[in-house]
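Colleague: Could we go through this fold together, taking one feature at a time, so that I learn how each should be read?

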Amino acid sequence: MKSDSESVRLAIDLRDTGRDAWQVACAMAGRGFTLDAASNRVIVVRVTAEDINDAIQYRLASALQL
């Protein structure tokens, strides 16, 4: 993994969705997302410049809809 200065963390709060963040995090990890943390309501995804070049933002949106 590259240094922290070359990536950002995106916190996603699922509290109002009725979804369990642990289950969503497991599904996302299975789809290749790099997760820094998860709780029962929040997922923290690490995003690098390489991820943006690979259009991860579009995969992220569709993964959250599942």
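Modeller: Helices (H or I, at least four residues) and strands (E, at least two) are DSSP runs, numbered from the N terminus. This is a predicted model, in which local features need pLDDT of at least 70 and side-chain atom pairs count only at pLDDT 80 or more, while totals for chains, interfaces and linings use all residues. Residues are numbered from 1 along each chain as its sequence is written, and side-chain values use heavy atoms, with hydrogens and water left out.

Colleague: In what order do the three strands of the open sheet lie?

Modeller: In general, strands of a sheet pair through backbone hydrogen bonds, either parallel or antiparallel. Two strands count as paired if DSSP finds at least two bridges between them. Here the order is β1-β3-β2, with antiparallel pairing, and the edge strands, β1 (7–13) and β2 (35–38), each pair on one side only. Seven bridges join β1 to β3 (residues 42–48), and Leu-10 has Val-45 as its bridge partner in β3.

Colleague: Which strands does helix α1 touch as it packs on the sheet?

Modeller: Contact means heavy atoms within 4.5 Å, and axes are lines fitted to C-alpha atoms, for helices over the stretch in contact, with angles from 0 to 180 degrees between N-to-C directions. Helix α1 (residues 21–30) touches β2 and β3, and its direction makes about 25° with that of β3.

Colleague: Which residues of α1 are buried, and which are exposed?

Modeller: Buried means under 20% relative accessible area, exposed over 50%, and partly exposed in between (1.4 Å probe, protein chains only). Ala-21, Val-24, Ala-25 and Met-28 of α1 are buried; they cover an arc of only 100° around the axis (taken from the directions from the helix axis to the C-beta atoms), which puts them on the same side of α1. The buried residues pack against β2, β3 and α3 (56–65), whereas Gln-23, Cys-26 and Gly-30, on the other side of α1, are exposed.

Colleague: With which side chains does that of Asp-36 make polar contacts?

Modeller: A polar contact is a pair of N or O atoms within 3.5 Å; within protein, one must be able to donate a hydrogen and the other to accept it, and residues adjacent in sequence count only if both atoms are side-chain atoms. Asp-36, placed in strand β2, is partly exposed, with a relative accessible area of 34%, and its side chain makes polar contacts with the side chains of Arg-9 (2.6 Å) and Arg-46 (2.8 Å).
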